[in-house]
Amino acid sequence: MVGIDQVLEKLSTVIDPDLKKDIVSMGMIKDLELNDGNLKFTLELTTPACPFNVEIEDDVRKAIGELKELKNFDMKVTAKVMEGRSLEADTSMATVKNIIGVASGKGGVGKSTVSLNLALALSQAGAKVGLLDADIYGPSIPLMLGMKSAYMDVENNKLQPAKSHGLQVVSFGFFAEQSHQAAIYRGPIISGILKQFLVDTNWSDLDYLIVDLPPGTGDIPLTLAQTIPITGILVVTTPQDVASNVAVKAIGMFEKLNVPILGVVENMSYFICPTCNEKHYIFGEGGARKISEQFKIPFLGEIPLNSGIMAGSDLGKPIIITNPDSPSAIAFRSSAKNIAAQCSILAAKMQEEMKSESENKPADDSPQTN
Ligand SMILES: Nc1ncnc2c1ncn2[C@@H]1O[C@H](COP(=O)(O)OP(=O)(O)OP(=O)(O)O)[C@@H](O)[C@H]1O
Ligand SMILES: [Mg+2]
């Protein structure tokens, strides 16, 4: 009769392609029960947006299928997002597992569009997601979500995020709209507002908080990098050389501040001709890939140009919701999966480092003297 050891041995032949580790040592097998040849367990993926969920499930079925003496096999698949930021030193945002800053060197490359569609793609995959519009001078998320008249409540001195399409949303636009004032504050005040949005908001159990940053390397990106531990930065660029060149500056700043770079997404990469269906690289080709090679950071996707994105943004209708089968929506979902995978990779690395630190720490069992 098959024993638990044989089951675990078979399961440990299954490797998570992103984490490059076997699923048993990663703790992805839960509630394993084996009774009289009937096997039952839960496969717990590290994110509901796992790019390899189908492959991993297939590999598990194949591995278990080799145990010929098993009578029955029942697998439940769930996901629990890993904590990708260290809460050891700072627990002020303990309900948020991952914080992803979306940055670029140059304005207008599509940070807000990518942030919003990425947040929606992760949420549609089953994750709990927040979206913080950190562009305090020029908030665009309320318009893009059709939430111009929304507002945030304050409860027990904490901001309550507004809700839209399952997302928890915070934007200065909600306040600016109420007061009909443009933000004309100086750096320290702007930094203070962002800190409040981060720390004094009632984020309720988020797997991912996406922070849409203004362009460049000014006070707001700097404040994000220095206020709380974040998982990493997603760099958005377009194929033009000028956008790629300034993206390099933004990457340099975050690297100097020891903030991990999750990778780069290229927006407006190509245009799909509606008549011949061919891809046209109008603005040149390979800009973001070059950055990814130069800095050894992952290339996480390319989003095609689509006039529907712009029209939908102005009407508060994100393409991933209004046209989920369009090539742009498909590209957003694929990039979102790659980004979620990078968060899991960084989380696993962080856990490994913490484990080896605690193993190397000398045991404090020396006798106490008074
Ligand atoms: N893939 C795309 N295809 C077509 N239009 C796009 C695409 N991505 C973004 N846009 C449009 O380009 C404009 C700029 O996009 P967006 O506001 O997202 O950029 P941004 O980087 O956030 O700008 P800013 O630096 O001002 O914050 C918007 O009108 C948006 O609808
Ligand atoms: Mg923007």
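Are helix 6 and helix 7 oblique or parallel to each other?

Mentor: Please bear in mind that this is a predicted model, in which local features need pLDDT of at least 70 and side-chain atom pairs count only at pLDDT 80 or more, while totals for chains, interfaces and linings use all residues. Residues are numbered from 1 along each chain as its sequence is written, and chains are lettered from A and ligands numbered from 1 in the order in which they are written.

Helix 6, residues 187-199, packs with helix 7, residues 219-227, at an angle of about 45°, and their axes lie 9 Å apart. Helices (H or I, at least four residues) and strands (E, at least two) are DSSP runs numbered from the N terminus; axes are lines fitted to C-alpha atoms, for helices over the stretch in contact, and angles run from 0 to 180 degrees between N-to-C directions. Helix 6 and helix 7 are therefore oblique to each other (under 35 degrees counts as roughly parallel, over 145 as roughly antiparallel, 65 to 115 as roughly perpendicular, and the rest as oblique). On the side of helix 6 the contact is made by Gly 187, Ile 190, Ser 191, Leu 194, Lys 195 and Leu 198, and on the side of helix 7 by Asp 219, Ile 220, Thr 223, Leu 224 and Thr 227 (C-beta atoms, placed from the backbone, within 7 Å). Sorted by class, these residues are 5 nonpolar, 4 polar and 2 charged, where Ala, Val, Leu, Ile, Met, Phe, Trp, Tyr, Cys and Pro count as nonpolar, Asp, Glu, Lys and Arg as charged, and the others, Gly among them, as polar.

Helix 8 (residues 241-256) and helix 9 (residues 287-295) also have axes 9 Å apart, with a packing angle of about 30°, and they are therefore roughly parallel to each other. Helix 8 passes helix 9 in a right-handed crossing. Here Asp 241, Ser 244, Ala 247, Val 248 and Ile 251 of helix 8 meet Gly 287, Ala 288, Lys 290, Ile 291 and Phe 295 of helix 9, giving a contact of 6 nonpolar, 2 polar and 2 charged residues.

A further pair is helix 3 (residues 111-124) with helix 12 (residues 327-360), whose axes come within 9 Å and cross at roughly 75°, which makes helix 3 roughly perpendicular to helix 12. Helix 3 contributes Asn 117, Leu 118, Ala 121 and Leu 122, while helix 12 contributes Phe 332, Arg 333, Ser 335, Ala 336, Ile 339 and Ala 340. By class this contact holds 7 nonpolar, 2 polar and 1 charged residues.

Turning to the strands, an open sheet of 3 strands runs in the order 3-4-5 with mixed pairing (two strands pair if DSSP finds at least two bridges between them). Its edges are strand 3 (29-35) and strand 5 (72-79), each of which pairs on one side only, and the twist averages 10° from one strand to the next. Strand 3 pairs with strand 4, residues 38-45, in the antiparallel sense over 5 bridges, and Lys 30 has Thr 42 in strand 4 as its bridge partner. Helix 2 (residues 53-65) packs on this sheet, where it touches strand 4 and strand 5, and its direction makes about 160° with that of strand 4. Leu 34 is likewise bridged to Leu 39 in strand 4, and Asn 35 stands opposite Asn 38. The hairpin of strand 3 and strand 4 has 2 residues between the strands, and in it Asp 36 takes a positive phi near 55°. Strand 4 and strand 5 pair in the parallel sense over 8 bridges, with Leu 39 opposite Phe 73 in strand 5.

Finally, the domain assignment gives domain 1 (4-79) and domain 2 (99-344), with bounds from an automatic or database assignment. Their centres, taken over C-alpha atoms, are 35 Å apart.

Technical notes:
Two residues are in contact if their C-beta atoms, placed from the backbone, lie within 7 Å. A crossing is left-handed if the near helix is turned anticlockwise from the far one by less than a right angle, and right-handed if clockwise.
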